[in-house]
Amino acid sequence: MKFVVSSALLSQRLQTIGRVIVPKGNLAILENILFKVSGNQLTLVAADNETMLTANLELVESEGDITFMINAKTIQEAIREIPEQPVDFYVNEEAFGITIEYQNGKFNFVAQSGEEYPLPPAMTDDHVSCSMSSQLLYNGVNRALFAASNDALRPQICGVYFDVKEGETAIVATDAQKMACSRYPGVNSSQVGSFILPKKPASMLKGFLLKDEGETKIEFSLRNAVFTSENYTMNCRLVEGRYPNYAAVIPTANDIIVTVNRTAFISALRRVLLFSNVASGCVKLKLENNNMHISSHELDFSKSADESLLCDYNQMPMSIGFRGSFLLEILNNLESEDVVLKLAGPSRAGLILPVAEQEQEDVLMMLMPMMIND
């Protein structure tokens, strides 16, 4: 049996889905990538114990249908080294001998039957479904991932939370010190539900949505979620438990408003952070007369830094401290030229919002302050 496929397209799909595979995992079969040829369509499948990622691509030519498995490392590295060209696969349907021919040579090896490759769990009848732009979904997940916790004792906040409502869908992550929340008013569902997506599948989702311009369908039940885009399908197990009430901790009375250029703010923070206390990483912001004074110090090594930045601020002078690395992460995950800081006082959580937002997006970042000696 023979089929022909583009080497560049096959390599790109193999590299994307191959990231889900755990080397030397507890199931040897999951060290393989499943190939399923049906008509003029090639389906590639890779999985670990909790996540299965499927990719589809069109074949240049096909002479029949077949299913087989190839060791992931072998096929990924072999195809990656072939320049863009049509590649011919010849498969012995009885012994599963594989010959891959390309312009300057060929590979020969033995594959395995794909009949025993595990299947994803079926979605239950009571599942909730909705769909949204792949780019909006990418933005929300990409913006949330940095804020997800790494605390193994609190697994519920170690993932990305999807809150699907009748009027909007929100994508949220927090580690109790910082929070990223993206709301999408145009994405709604006739059913209400929520789920916590673990970090690894969230990162995989971000990876395959990066260049997708279509719609992604989201289906989820109590334990599993399925994301289906134009070229990929991901089925994954969810984090069990209840997510904290994120909406209840977002302050609504922060009336101290500061507007500042995001790029200039990032550059100043990077310089000042070099002289901050290694343990706390605290950076002090002093606001007065359209100026933001950014400072830090390390008493043990007698070093300090102080920098002034123009901003739009004409209220009473005030000072507030933040962990500089967290503030940098937030600013780096916003796209707007200018950002707005909404504050309530030196001991209250601050909100950081983009001045200009993309259509159909409502983005909010929150950061808890640090104690400073003022």
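**Reading features of a predicted structure**

Tutor: G18 is buried, with a relative accessible area of 12%. Buried means under 20% relative accessible area, exposed means over 50%, and partly exposed lies in between (1.4 Å probe, protein chains only). This is a predicted model, in which local features need pLDDT of at least 70 and side-chain atom pairs count only at pLDDT 80 or more, while totals for chains, interfaces and linings use all residues. Residues are numbered from 1 along each chain as its sequence is written, and side-chain values use heavy atoms, with hydrogens and water left out.

Student: In which helix does G18 lie?

Tutor: Helices (H or I, at least four residues) and strands (E, at least two) are DSSP runs, numbered from the N terminus. G18 belongs to helix α1, residues 7-18. Its C-alpha atom is 22 Å from that of E101, which is 83 residues away along the chain. S134, in turn, is part of helix α3 (residues 134-145) and is buried at 0% relative accessibility.

Student: How many disulfides does a search of the whole structure find?

Tutor: A disulfide is a pair of cysteine sulfur atoms within 2.5 Å. The search finds 0. For C236, the nearest cysteine sulfur is that of C130, 14 Å away. For C282, it is that of C311, 18 Å away. C236 is buried at 0% relative accessibility, and C282 is buried at 17%.

Student: Which residues touch the most other members of the largest nonpolar core?

Tutor: A nonpolar core is a set of buried Ala, Val, Leu, Ile, Met, Phe, Trp, Tyr and Cys residues joined through side-chain atoms within 4.5 Å. In the largest, of 101 residues, they are F35, F89 and F265. A second, separate core has 16 residues, including I157, Y161, Y246 and I250.

Student: How many aromatic pairs are found, and what describes a pair of rings?

Tutor: A pair is described by the distance of the centres and the angle of the planes. Rings of Phe, Tyr and Trp (its six-membered ring) pair if their centres lie within 6.5 Å; planes under 30 degrees apart count as stacked, over 60 as edge-to-face and the rest as tilted. The structure has 12 such pairs. The centres of F195 and F220 are 4.6 Å apart and their planes stand at 45 degrees, so this pair is tilted. It links F195 in strand β15 (residues 193-198) with F220 in strand β16 (residues 215-220), 25 residues apart. Both F195 and F220 are buried. Elsewhere, ring pairs link F3, F35, F68 and F89 into a cluster.
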